[in-house]
Amino acid sequence: MKKLFTLLALAISFNMSAQTDNTFTGTGALASNSTGDFNTATGVAPLYNNTTGSFNTATGYLSLRSNIGGSYNTASGAESLYNNTTGNYNTASGFSSLRY
């Protein structure tokens, strides 16, 4: 039992140190994030594929969904900036804005 608790503590410690100050609410929000920091995701699957992108804000269904490493983006509205993968410093507001 002691070994199980030690392994669990190590796993929690590793995950906590891999990312800093991310905030997310909703099913699938920031689901793939590994080292991205200071991201905010609210809704169903915003920033779903984000792994290394930082300082992003995504609000709405599937907003910034395809983002992998893009940083400093703001997407507000369903599917806004949906196909952005590595672009930086974008702002999209409204349904499907800057989707392609």
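I take contact to mean heavy atoms within 4.5 Å, and with that rule I looked up serine 54, which, leaving aside its neighbours within four places in sequence, is in contact with Gly36, Asp37, Asn39, Gly70, Ser71 and Tyr72. I note that this is a predicted model, in which local features need pLDDT of at least 70 and side-chain atom pairs count only at pLDDT 80 or more, while totals for chains, interfaces and linings use all residues. Residues are numbered from 1 along each chain as its sequence is written, and side-chain values use heavy atoms, with hydrogens and water left out.

**Overall layout**

For burial I used relative accessible area, with buried under 20%, exposed over 50% and partly exposed in between (1.4 Å probe, protein chains only); buried residues make up 34% of the 100 residues.

**The loop between E2 and E3**

I placed serine 54 in the loop between strand E2 (40-42) and strand E3 (57-59), and serine 54 counts as buried because its relative accessible area is 12%. Asparagine 56 is found in the loop between E2 and E3 as well, and is buried with a relative accessible area of 0%. Leaving aside neighbours within four places in sequence, I found asparagine 56 in contact with several residues, among them Phe38, Leu47, Leu64 and Tyr72. Phenylalanine 38 is 18 residues from asparagine 56 in sequence, and their C-alpha atoms are 7.2 Å apart in space. I also noted that a polar atom of the asparagine 56 side chain lies 3.4 Å from the backbone nitrogen of tyrosine 72.

Phenylalanine 55 lies in this loop between E2 and E3 too, but its relative accessibility is 37%, so I recorded phenylalanine 55 as partly exposed.

**The nonpolar core**

Which residues make up the largest nonpolar core? Taking a nonpolar core as a set of buried Ala, Val, Leu, Ile, Met, Phe, Trp, Tyr and Cys residues joined through side-chain atoms within 4.5 Å, I listed nine: Ala29, Leu30, Ala41, Leu47, Ala58, Leu64, Ala75, Leu81 and Ala92. In soluble globular proteins, nonpolar side chains tend to be buried together.

Serine 93, in strand E5, is exposed, with a relative accessible area of 63%. The C-alpha atoms of serine 93 and leucine 81 are separated by 8.9 Å, and the two residues are 12 apart along the chain.

**The salt bridge**

How many salt bridges are there? With a salt bridge taken as a side-chain nitrogen of Lys or Arg within 4 Å of a carboxyl oxygen of Asp or Glu, I counted one. Glutamate 79 forms a salt bridge with arginine 99, and their closest N and O atoms are 2.6 Å apart. Glutamate 79 lies in the loop between strand E4 (74-76) and strand E5 (91-93) and arginine 99 in the segment after E5, so the pair ties together parts that are 20 residues apart in sequence. I noted that glutamate 79 and arginine 99 are both buried.

Definitions and conventions:
Helix = DSSP H or I, 4+ residues; strand = E, 2+ residues; numbered from the N terminus. Polar contact = N/O pair within 3.5 Å; in protein donor to acceptor, adjacent residues only side chain to side chain.
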